[in-house]
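Trainee: I'd like to go through this model with you, starting from single residues.

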Amino acid sequence: MGVFTYENDTTSTVPPAKLFKAVVHDADVIIPKVVDSIKTVEIVEGNGGPGTVKKITFVEGGQTLYVLHKIEAIDDAKFEYNYSIVGGVGISDIVEKISFEAKLVEGPNGGSVGKMTVKYHTKGDAKPIEKEVEEGKAKGDAAFKAIEGYVLANPNYN
């Protein structure tokens, strides 16, 4: 198995505690409202904590697909959230899983900086397809900004 690591930082004007709540704890409700391609997020195993598996159903290219999202760790005090995409029909055949280590830190002017480390665990000696990596990064950035937009558009959101 090969492991290929990518890092990405994203800034936000929303404070870390508020953004963490939206991105981690309320995302199952917010995401289908703000990302047109995502239709449902449902827990298929667990209680919402580490070990929980969620099925995220989305439409892409006219097809209904899904991925399985497994929560690895949540640290509310440090604003850290680790999860993996562990299966589904929306994941490449050469990928065993994709792990995400996300952390929010204080940013400029009371905002946040989202720090993301992504690890592609591939089967055998396969390397991730660069186009899929770039598309995944773009989708992740768009979802993050959509949730940020939701929080900014709803000033009473806590």
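Trainee: What does Lys 139 count as by relative accessibility?

Mentor: Lys 139 is partly exposed, at 46% relative accessibility. The scale calls a residue buried under 20% relative accessible area, exposed over 50% and partly exposed in between, using a 1.4 Å probe and protein chains only.

Trainee: What should I keep in mind about the source of the coordinates?

Mentor: This is a predicted model, in which local features need pLDDT of at least 70 and side-chain atom pairs count only at pLDDT 80 or more, while totals for chains, interfaces and linings use all residues. Residues are numbered from 1 along each chain as its sequence is written, and side-chain values use heavy atoms, with hydrogens and water left out.

Trainee: Back to Lys 139. Which element is it in?

Mentor: Lys 139 sits in helix H3. Helices (H or I, at least four residues) and strands (E, at least two) are DSSP runs, numbered from the N terminus.

Trainee: What box do the C-alpha atoms fill?

Mentor: Along the principal axes, roughly 45 × 30 × 30 Å.

Trainee: And what share of the residues is buried?

Mentor: Of the 158 residues, 37% are buried. The accessible surface is about 8,800 Å², and carbon and sulfur atoms hold 53% of that. Areas come from the Shrake-Rupley method with a 1.4 Å probe; for residues, only the protein chains shown count as cover.

Trainee: What about contacts between residues 24 or more positions apart?

Mentor: They account for 48% of the contacts with a separation of 6 or more. A contact means heavy atoms within 4.5 Å.

Trainee: Give me an example. What does Ile 94 touch?

Mentor: Leaving out residues up to four places away in sequence, Ile 94 touches Thr 122, Lys 123, Ala 126, Lys 127, Pro 128 and Ile 129. Ile 94 is in the loop between E5 and E6 and counts as partly exposed at 24% relative accessibility. Its C-alpha atom is 8.2 Å from that of Gly 124, which is 30 residues away along the chain.

Trainee: Switching to charges: how far apart are the mean positions of the positive and negative ones?

Mentor: The mean positions of the 18 positive and 23 negative charges are 2 Å apart. Lys and Arg count as positive and Asp and Glu as negative, with His and the chain ends not counted. Each charge is placed at NZ of Lys, CZ of Arg, CG of Asp or CD of Glu.

Trainee: How many salt bridges come out?

Mentor: The count is 9, where a salt bridge is a side-chain nitrogen of Lys or Arg within 4 Å of a carboxyl oxygen of Asp or Glu. One of them joins Lys 115 and Asp 9, with the closest N and O atoms 3.1 Å apart. Lys 115 is in strand E7 and Asp 9 in strand E1 (residues 2–12), so this pair ties together parts 106 residues apart in sequence.

Trainee: How accessible are those two?

Mentor: Lys 115 is partly exposed at 36%, and Asp 9 is partly exposed at 47%.

Trainee: What does Lys 54 pair with?

Mentor: Lys 54 meets Asp 28 in a salt bridge of 2.9 Å, N to O. Lys 54 is in strand E3 (residues 53–60) and Asp 28 in helix H2 (residues 27–34), so the pair links parts 26 residues apart in sequence.

Trainee: Is Lys 54 buried or exposed?

Mentor: Lys 54 is buried, at 7% relative accessibility. Asp 28 is partly exposed at 25%.

Trainee: Last topic, backbone. What is the phi of Asn 109?

Mentor: Asn 109 has a positive phi of about 55° without being a glycine. Most residues other than glycine have a negative phi. Asn 109 is in the loop between strand E6 (95–106) and strand E7 (112–122), and counts as exposed at 81% relative accessibility. Phe 79 also has a positive phi of about 55° and is not a glycine; its place is the loop between strand E4 (63–75) and strand E5 (80–88).
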